[in-house]
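Please keep the sequence and the model in view while reading.

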Amino acid sequence: MIYMDNAASSPIRDEVVDAIIPVLKENFANPSGSHSMARKALRLIDDARDELSDVLGCKSQDIIFTSGGTESDNLAIFGVHSAIGGSIICSATEHHAVLEPTKLVGGKVVNVLEDGILDLNHLADAIDENTTLVSVGLVNGETGVIQDLAAISTVVKEKSPAALIHTDAVQAIPWMDMNEITESADLISVAAHKFGGPKGVGALIVKDQTKVSSLQLGGGQEKGLRSGTHNTAGIVGMAVAARVTADSREKNNVKITALRDSLANCLLDIENTYETGVQTNEDGSVDRGNKVPGSCHLCFSDIESEALLFLLEQSGIYASAASSCSSGAQEPSHVLAAMGFSRELARGSLRLSLGYASTQNDIDKVLEILPESIERLRKLGS
């Protein structure tokens, strides 16, 4: 099995499994209870919150635990709109968990440039005195493009000093030091399964909780912003995954960057292949400095992604065509459309996303199978 879909979900880390199992077996009490078992479970959550705050560069009391990235994004958009109203703005390449809520509340969608970077001029024009929240994903889940959150923050604060900034950082934690990011955002969404933690748990960092309303009513957990019994094991696992990721990030980035570059450079030798979110240097080399190390996203002309993915899976290679946000449905990419790619070329997109467990053998296998698969499909198509 060659797993090249880490942007969809990463393998759970061994350290996380070791931490979760004792919680599931021994610390199963409801943390909201009053007896000693409940208090022990609550202590585990408090310790995990402290650990996460150190990794994420925020105060522990700012962390609101959720079920994952989608809920965190929804809580940021709907929560701010419900609490203080006004107008919401997001970029055209956002995950649907941000894009759809923004549209639902009548918000504005800002363009990106051909390389996927937010058009700051369009952003400035879109902001007015009614703007209360601007949401821009830190790393695009499809192309791996990194947004300059500090520059975005400067534009927002100049045009509307009271406006809040939200960033979906779900794809960022494996690759970026969040301590440097947290200063530029008021709300930050994360999900554990993107960096080696379990599914079903995430968090929203909320620096000013008076400006966010809860989306669900119940027992009043998480300071009333997220009612529901805590997922103790998941929260513990997320904290462990975050710490291991942070401690190994620098070394891992060097390894994965080298693997990704060798993979992408070889694939670009295939005729009529286009890499997204990159710049071309004067000497003709490709500059991937504005993408996270694990992202290799390309478009192949005269290819249908669905057919290509089928051939790859037959050879034991698991990849995707776009962000995993439509239950596996291969819909045209709104991200590539926003970047100016034609519908025909976007139909041949392929996302090969690497992670901490990726190896040279994975790359070698992809380079053995993928070019042959593309050639086969093009011959069939002609």
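**A first residue: serine 153**

Serine 153 touches Ile165 and Ser184, leaving aside residues up to four places away in sequence; contact here means heavy atoms within 4.5 Å. Serine 153 sits in helix H6 (residues 149–159), and helices (H or I, at least four residues) and strands (E, at least two) are DSSP runs, numbered from the N terminus. With a relative accessible area of 13%, serine 153 is buried, where buried means under 20% relative accessible area, exposed over 50%, and partly exposed in between (1.4 Å probe, protein chains only).

The model is predicted: local features need pLDDT of at least 70, side-chain atom pairs count only at pLDDT 80 or more, and totals for chains, interfaces and linings use all residues. Residues are numbered from 1 along each chain as its sequence is written, and side-chain values use heavy atoms, with hydrogens and water left out.

**The seven-stranded sheet**

- An open sheet of 7 strands has the order E2-E8-E7-E6-E5-E3-E4, with mixed pairing; two strands pair if DSSP finds at least two bridges between them.
- The edges are E2 and strand E4 (108–110), each of which pairs on one side only.
- From one strand to the next, the twist averages 20 degrees; axes are lines fitted to C-alpha atoms, for helices over the stretch in contact, and angles run from 0 to 180 degrees between N-to-C directions.
- Strands of a sheet pair through backbone hydrogen bonds, either parallel or antiparallel.
- E2 and strand E8 (residues 202–206) are antiparallel and share 4 bridges, and phenylalanine 65 has alanine 203 in E8 as its bridge partner.
- Strand E7 (residues 187–191) and E8 also run antiparallel, joined by 5 bridges, and alanine 191 stands opposite glycine 202 in E8.
- In strand E2 (residues 63–66), Ile63 and Phe65 point one way while Ile64 and Thr66 point the other way, and all are buried.

**Helices that pack on the sheet**

- Helix H2 (residues 36–56) packs on the sheet and touches E2, E7 and E8, its direction making about 115 degrees with that of E2.
- Helix H4 (residues 96–104) lies across strand E3 (87–91), E4, strand E5 (131–135) and strand E6 (164–168), and runs at about 145 degrees to E3.

**Helix lengths and a bend**

- Helix H3 (residues 69–84) has 16 residues and reaches 22 Å from its first C-alpha to its last, close to the 22 Å expected; the expected span of a helix is 1.5 Å times one less than its number of residues.
- Among the buried residues of H3 are Leu75, Ala76, Ile77 and Val80.
- Glycine 85 follows H3 and has a positive phi, near 70 degrees.
- Helix H8 (residues 232–267) has 36 residues, yet its end C-alpha atoms are only 43 Å apart, short of the 52 Å that a straight helix would reach.
- H8 bends by about 65 degrees at arginine 249, the bend at a residue being the angle between axes fitted to the seven residues ending there and the seven starting there.
- Helix H12 (residues 360–381) has 22 residues that should span 32 Å, and its end C-alpha atoms are 32 Å apart, which agrees.
- The buried residues of H12 include Ile363, Val366, Ile369 and Leu377, and what covers the buried residues of H12 includes H8, helix H9 (305–314) and strand E14 (349–353).

**Loop residues**

- Lysine 223 is found in the loop between E8 and H8, has a positive phi near 60 degrees, and is exposed at 55% relative accessibility.
- Asparagine 272 is in the loop between H8 and strand E9 (273–275); its phi is also positive, near 55 degrees, and it is partly exposed, with a relative accessible area of 35%.
- Proline 293, in the loop between strand E11 (286–287) and strand E12 (295–300), is buried at 11% relative accessibility.
- Proline 293 touches Trp175, Asn253, Ile256, Thr257 and Arg260, not counting residues up to four places away in sequence.
- Proline 293 and aspartate 177 are 116 residues apart in sequence and 13 Å apart in space, C-alpha to C-alpha.

**Cysteines**

- Cysteine 58 is buried, with a relative accessible area of 14%, and cysteine 90 is buried at 1%.
- The count of disulfides is 0, where a disulfide is a pair of cysteine sulfur atoms within 2.5 Å.
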